[in-house]
Protein chains: 2
Amino acid sequence: MTSLSIAEAAEQTGLTAHTLRYYERDGLLLQSVERAPSGHRRYSDEDLRWIEMVTRLRSTGMPIRDVRRYAALVREGDGNEADRLALLLAHREVVEQQLVEVTSHLRAIDYKIALYEGRVAPAS
Amino acid sequence: MTSLSIAEAAEQTGLTAHTLRYYERDGLLLQSVERAPSGHRRYSDEDLRWIEMVTRLRSTGMPIRDVRRYAALVREGDGNEADRLALLLAHREVVEQQLVEVTSHLRAIDYKIALYEGRVAPAS
DNA sequence: CTCTGCCTTCGAGTGCACTCCAGGTCAAGA
DNA sequence: TCTTGACCTGGAGTGCACTCGAAGGCAGAG
């Protein structure tokens, strides 16, 4: 049961301290982070694990708004697992679709690169 | 050699008319789009092909600024192919990296989904 | 001739996700 | 005791990529 300062939490999560405060303010965390007597935030392992989940959702492109919704469901506790699942599945669908699209665009760019490298004859 | 109105070009490219004008204003196109006597834009096949390239770059996440730089290089004409190639390769690198990251985050999310679907025993 | 609708420009507005600032608190070290 | 540095808050600012609004031109239908 470690408990980290905001700077340490920032290092651990790869976010900035600014962003960590912002996420908390914006309701993306499950509870308010605990405070030292000085008022400084102390991040628990649990906080860190949740923030990593948030990071996964964010870096797969989930909007803040949806992360907040997911956090709210988890915060509510047992009983809404179906809703959480639906939210994750919907997100999964979107990400999958984006991967397909980006991959296909990337192939077209690769073709262009091949042209510049003289590995392929120009189309015209 | 067709020549399309902005509405038709919008439909063809999947962009909005607003966005087409914005791209032109912002220097993302190779030349100003031709005009009908009425002042209305007329998009050539060449315009359309270039806009598709722009769309590929954009939807793989290349910033407007970099697309503008690439357009400028192409506009300059022969002699800077190495620069264009470098730009595309650098972009390729970034995209590849993002694909890896997103895919790995997606796998973690899939694990969470599997938990909610009761297909896997919880970790703790 | 008037209406409808698509187009024009310029400039302002929007939404998102941070990112930063000012002014202040607090604990530890010289 | 003074300074330093990490942290606090509320609110403002930033950057990006659109997105829209206002005011007007012009062509074809009725």
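This is a predicted model: local features need pLDDT of at least 70, side-chain atom pairs count only at pLDDT 80 or more; totals for chains, interfaces and linings use all residues.

Mentor: Along the principal axes, the C-alpha atoms of chain A fill a box of roughly 70 × 35 × 25 Å. Of the contacts in chain A between residues at least 6 apart in sequence, 47% join residues at least 24 apart.

Start with Glu24(A), which belongs to helix 2 (residues 17-25) of chain A. Its relative accessibility is 15%, and buried means under 20%, so Glu24(A) counts as buried. Leaving out residues up to four places away in sequence, Glu24(A) touches Leu29(A), Ser32(A), Val33(A), Arg35(A), Arg41(A) and Tyr43(A).

Pro37(A) sits in the loop between strand 2 (34-35) and strand 3 (41-44) of chain A. With a relative accessible area of 90%, Pro37(A) is exposed. Between Pro37(A) and Asp110(A) there are 56 Å from C-alpha to C-alpha, and the two are 73 residues apart along the chain.

Ser59(A) is part of helix 3 (residues 45-59) of chain A. Its relative accessible area is 25%, which makes Ser59(A) partly exposed. Setting aside neighbours within four places in sequence, Ser59(A) is in contact with Glu101(B), Val102(B) and His105(B).

Now to the helix packing in chain B. Helix 1 (residues 6-13) of chain B and helix 2 (residues 17-25) of chain B cross at roughly 95 degrees, and their axes come within 8 Å. An angle from 65 to 115 degrees counts as roughly perpendicular, so that is how helix 1 of chain B stands to helix 2 of chain B. On the side of helix 1 of chain B, the contact is made by Ile6(B), Ala9(B), Ala10(B) and Thr13(B); on the side of helix 2 of chain B, by Ala17(B), Leu20(B) and Arg21(B). Sorted by class, the residues of this contact are 5 nonpolar, 1 polar and 1 charged.

The other pair is helix 4 (residues 64-76) of chain B and helix 5 (residues 81-116) of chain B, which pack at an angle of about 155 degrees with their axes 9 Å apart. Angles over 145 degrees count as roughly antiparallel, and helix 4 of chain B and helix 5 of chain B are therefore roughly antiparallel to each other. The crossing of helix 4 of chain B and helix 5 of chain B is left-handed. From helix 4 of chain B, Asp66(B), Arg69(B), Tyr70(B), Leu73(B) and Val74(B) take part; they meet Asp83(B), Arg84(B), Leu87(B) and Leu88(B) in helix 5 of chain B. By class, the residues of this contact are 5 nonpolar, no polar and 4 charged.

Notes: Residues are numbered from 1 along each chain as its sequence is written. Chains are lettered from A and ligands numbered from 1 in the order in which they are written. Side-chain values use heavy atoms; hydrogens and water are left out. Axes are lines fitted to C-alpha atoms, for helices over the stretch in contact, and angles run from 0 to 180 degrees between N-to-C directions. Helices (H or I, at least four residues) and strands (E, at least two) are DSSP runs, numbered from the N terminus. Angles under 35 degrees count as roughly parallel, over 145 as roughly antiparallel, 65 to 115 as roughly perpendicular and the rest as oblique. A crossing is left-handed if the near helix is turned anticlockwise from the far one by less than a right angle, and right-handed if clockwise. Contact means heavy atoms within 4.5 Å. Ala, Val, Leu, Ile, Met, Phe, Trp, Tyr, Cys and Pro count as nonpolar, Asp, Glu, Lys and Arg as charged, and the others, Gly among them, as polar. Buried means under 20% relative accessible area, exposed over 50%, partly exposed in between (1.4 Å probe, protein chains only).
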